[in-house]
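Reader: I would like to learn how to read aromatic ring pairs in a model. Could we work through them step by step?

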Amino acid sequence: MNSIKRFAGTLLLSLAAVGPALAAPAINTFGEGGGYFSDPKRTDIAIRGYDPVAYFTDGKPVKGSDKFVHEWMGAKWQFASQDHLDKFKAEPAKYAPQYGGYCAYGIAEGHVVKIEPDQWTIVDGKLYLNYDADVSKKWKQDKAGYIKKADASFDSVIKK
């Protein structure tokens, strides 16, 4: 009986150790490379180093600088200027992309995937990023529907 308890305890500890390793980080820290179903290398930099504030203020993706960095939600966010860094620090939820910066369409479809920073949309004051131009085109055909699906499933998708 003791050996069964030891085995069960070992099994539970093993599963506990494996479970969190399978979950995705809350913030997209995928780097370059990879595909829709193959993950690129992880870094500690959010959304491939792009400045989330720039989408709102400049109306385009702008690469951030390692001179202007803020750690938030377990990732390093980079900004193009001190002004953008200050704006983000004051209201990170206003500027951070939805779904931790993962592809909005991917989350709606149950997948955690990387993004291309130039595939983006602002809907009702919120930033959404997408995997590539083809995915972005499909996502834009029913933004409201995909947002509703992704809002409902993000927590469970991120835990996969």
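Author: Ring pairs join Trp72, Trp77, Phe79 and Phe88 into a cluster, and since this is a predicted model, every value that follows is computed from its atoms.

Reader: How many aromatic pairs does the structure hold, and what describes a pair of aromatic rings?

Author: A pair of aromatic rings is described by two quantities, the distance of the centres and the angle of the planes. The structure holds 11 aromatic pairs. For Phe30 and Tyr102 the ring centres are 5.9 Å apart and the planes stand at 75 degrees, so this pair is edge-to-face, given that angles over 60 degrees are classed that way.

Reader: Which parts of the chain does the pair of Phe30 and Tyr102 link, and are the two residues buried or exposed?

Author: The pair links distant parts of the chain, with Phe30 in the loop between α1 (2-22) and α2 (52-57) and Tyr102 in the loop between α4 (92-95) and α5 (104-108), 72 residues apart. Both Phe30 and Tyr102 are buried. The ring of Phe30 also has the charged end of Arg42 sitting over it, 3.8 Å from the ring centre.

Reader: What is the geometry of the pair formed by Trp72 and Phe88, and where do these residues lie?

Author: The ring centres of Trp72 and Phe88 are 5.4 Å apart with planes at 90 degrees, so the pair is edge-to-face. Trp72 belongs to strand β1 (residues 65-72) and Phe88 to helix α3 (residues 82-90), so the pair ties together parts 16 residues apart in sequence. Trp72, at 23% relative accessibility, counts as partly exposed, whereas Phe88, at 0%, counts as buried.

Key: Residues numbered from 1 in each chain as written. Predicted model: local features only at pLDDT ≥ 70, side-chain atom pairs only at ≥ 80, totals over all residues. Heavy atoms only, no water. Phe/Tyr/Trp six-rings, centres within 6.5 Å; stacked < 30°, edge-to-face > 60°. Helix = DSSP H or I, 4+ residues; strand = E, 2+ residues; numbered from the N terminus. Buried < 20%, exposed > 50% of the residue type's maximum accessible area, 1.4 Å probe, protein only. Lys NZ or Arg CZ within 6 Å of the ring centre and 35° of its normal.
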